[in-house]
Amino acid sequence: MTCPLDRLTAALARTGMTRFFGRLFADYPDLLMKDQTVEAVGPDRRFKLAGRWVTNFGSDSFLGLDQDPRVIESIERGVRGWGSHNGSSRAFSSVEPNVRAEGKIADWLGTESALIYPSVTLANTGALPGLLTRQDVAVADQFAHNSIDEGLKLAKARGVRTAKFAHNDPADLRRVLAGLRPYRHAVVAVDGVYSMSGALPPLAEFRRVAAENDAVLYVDDAHGTGVLGRQGRGTVLGALGDYDNTLVVGSLSKAFSCLGGFVACPRAVRDVLRLRSNPLIFGGPVPPAYLEAVCTVVDILRSPEYDRLRAKLDANVRHLVAGATALGLAVLGGCVPIVSVLVGPDEATLRAGRFLFEAGYYVQSVVFPAVPHGSGVLRIQVNACHHPGQVDGLLGALAALHRAAPLPGPDAGVLRFPAGVGEAIPA
Ligand SMILES: Cc1ncc(COP(=O)(O)O)c(C=O)c1O
C-alpha cells in the first residue's frame, strides 16, 4: 500500500521535464557532467571534481574574487563582528553593513539608491510583481532568464497581463505592446547579458520603444555586473549613458563573488519596492559578513586595480574566441567572459564536455531546456586569473575534440541562435 506522497512522487516522475532528465540520466550515466561534487578548490582556478583535478572554466566568479584574500578577510571580520546571520526580516530592521553596502552600490553605479535582495532570483520574483498592478502589463524577451519568467508568473497570478516578444527584437516588442493595449503602464524585462549565448540586447532601441509605449525598461544585468562598463558598472550605463526610465538589477554573487542581488533605482522606486517585494518582507536577508564583503568588492571595482583585472579578463576572452574561431568552431558571444561553442545534439554535447574533462578542463555542457532543443553548447566561463597557458591548453583540447568528433562550423551558430549572437569581440 503506497501513501499519497509515494503516489505523488511517482506521478511527478512521469511529467515532461522530470521524464526528460530521468531518461538523460539513465541513457548517459557516464557522460552527464551535472550534479557533480566539487571535492576541493586549489590555486590557479583548479578544482577537484569527480576525483580529478581540472582547470575550472565553469565559474562565474569572473574576476577571481572568490579567492581574493581581502574578500575572504571581510567575511571573517563580518562574522566576528556580527555573528553568522542577522535573524530578522528587513521589514523589521537591517544591519549597518546592509545600509552601507546599498549606499556604496548606488554611489558606484551613479543611481539614487539601491535595494539588496538575497539573490537575483528573489529580486526578480520580488520587484517584478511589486512594480505592477492589475491595470498594468509586463512583457519579457523570450530568452530572458527563468527568474524573470517566474516574476511575471507571480504578477500574472495577481491579474497583471503578461506576454513575450521575440529575442532582441525591438520591432516585435512594439507589436506585442500594441496588442496589449489598453493598459496603464508596462514593464519591459530583458537580460543585460544572455547567460547561455553571451549575447547583448539592443538596449537603446528597447528604451526608445518603451518610452513611446508608457513602459519602463527593466534590465537584469546579473552577468554584466562587474565585467562590463567602466569600473564594472555593467551593460546599462555603457549602452544608454544614463538610467532614465530604466531599472537595473545586478548580481552580488557572480563577478562580485559574495551573495545576493540588487535593484538600482531612484529613491522613490526603492521606497515602493521595499513595501511591495514579498521576498524582502517575508524572507531573511543576506548575512552581514557577505555585506561586508560586498563593500570591499565595490572598493576594488572603483580602484585602479580593476582596470588591470579587466585587461587580463578581456585578453583571455579575446585569446579564447580568436583561437576557437580559428579552429572553425561556431563561437557564440565574445563580448563577455561567457563564450559558448555550439555542439548540437544532447548526447554529442555531453560527450564533448566529458572529452574536455578527461583532457583536464571543466566546462559546462548545456542542453535543453537552458538552450533550444538540439542546440547544446559547451559553455566556457573565462576568468581574469586564468593563465594564458590554461586558455591555450583548453584550445588544444577543443582542437583534439574537433578532430575526434567534428563540431559544427560558424554558420551553424547563427542559424541555431537568433539575433544578437556573435557580436564583435571587444578590441
Ligand atoms: C540573467 C540572470 N538572472 C538571474 C540569475 C540568477 O541569479 P541568482 O543566482 O542570484 O538567483 C542568473 C544566473 O545565472 C542570470 O543569468
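Figure 1. At 42% relative accessibility, Asp 214 counts as partly exposed. Buried means under 20% relative accessible area, exposed over 50%, and partly exposed in between (1.4 Å probe, protein chains only). This is a predicted model: local features need pLDDT of at least 70, side-chain atom pairs count only at pLDDT 80 or more, and totals for chains, interfaces and linings use all residues. Residues are numbered from 1 along each chain as its sequence is written, and side-chain values use heavy atoms, with hydrogens and water left out. Asp 214 lies in the loop between helix 8 (203-212) and strand 8 (215-220). Helices (H or I, at least four residues) and strands (E, at least two) are DSSP runs, numbered from the N terminus. Phi of Asp 214 is positive, about 55 degrees, although the residue is not a glycine.

**Figure 2. Asn 168, a buried residue with positive phi.** Asn 168 is a residue other than glycine, yet its phi is near 55 degrees. The loop that holds Asn 168 runs between strand 6 (161-165) and helix 7. Asn 168 counts as buried because its relative accessibility is 8%.

Figure 3. Around the ligand stand Ser 119, Val 120, Thr 121, His 145, Ser 147, Asp 191, Ser 195, Asp 220, Ala 222, His 223 and Lys 254. By class, the shell holds two nonpolar, six polar and three charged residues. Ala, Val, Leu, Ile, Met, Phe, Trp, Tyr, Cys and Pro count as nonpolar, Asp, Glu, Lys and Arg as charged, and the others, Gly among them, as polar. The ligand sits in the largest pocket. A pocket is an open set of points on a 1 Å grid over the protein atoms alone, where a 1.4 Å probe fits, with protein on both sides within 12 Å along at least five of seven lines. A molecule sits in a pocket if more than half of its atoms lie within 2 Å of its grid points.

Figure 4. A polar contact is a pair of N or O atoms within 3.5 Å. Asp 220 places a polar side-chain atom 2.5 Å from a ligand nitrogen. For His 145, the distance from a polar side-chain atom to a ligand nitrogen is 3.5 Å. Lys 254 has a polar side-chain atom 2.9 Å from a ligand oxygen. Taken alone, the ligand exposes 400 Å², and the protein buries 83% of that. Accessible areas come from the Shrake-Rupley method with a 1.4 Å probe.

**Figure 5. Two cis peptide bonds.** The bond from Arg 181 to Pro 182 is cis, with omega near 0 degrees. Pro 182 belongs to the loop between helix 7 (170-180) and strand 7 (186-191). Phe 368 and Pro 369 are also joined by a cis bond, with omega about 10 degrees. Pro 369 lies in the loop between strand 14 (364-366) and strand 15 (376-381).

**Figure 6. Ser 89 and its contact with Ile 281.** Ser 89 lies in the loop between helix 3 (69-82) and helix 4 (96-109). The side chain of Ser 89 reaches the backbone oxygen of Ile 281 at 2.8 Å. Ser 89 counts as buried because its relative accessibility is 12%.

**Figure 7. Ala 199, a buried loop residue.** Ala 199 is in the loop between strand 7 and helix 8. At 0% relative accessibility, Ala 199 counts as buried.

Key:
Near = heavy atom within 4 Å. Polar contact = N/O pair within 3.5 Å; in protein donor to acceptor, adjacent residues only side chain to side chain. 1 Å grid on protein atoms, 1.4 Å probe; cavity = no way out; pocket = protein on both sides within 12 Å on 5 of 7 lines; lining within 4 Å.
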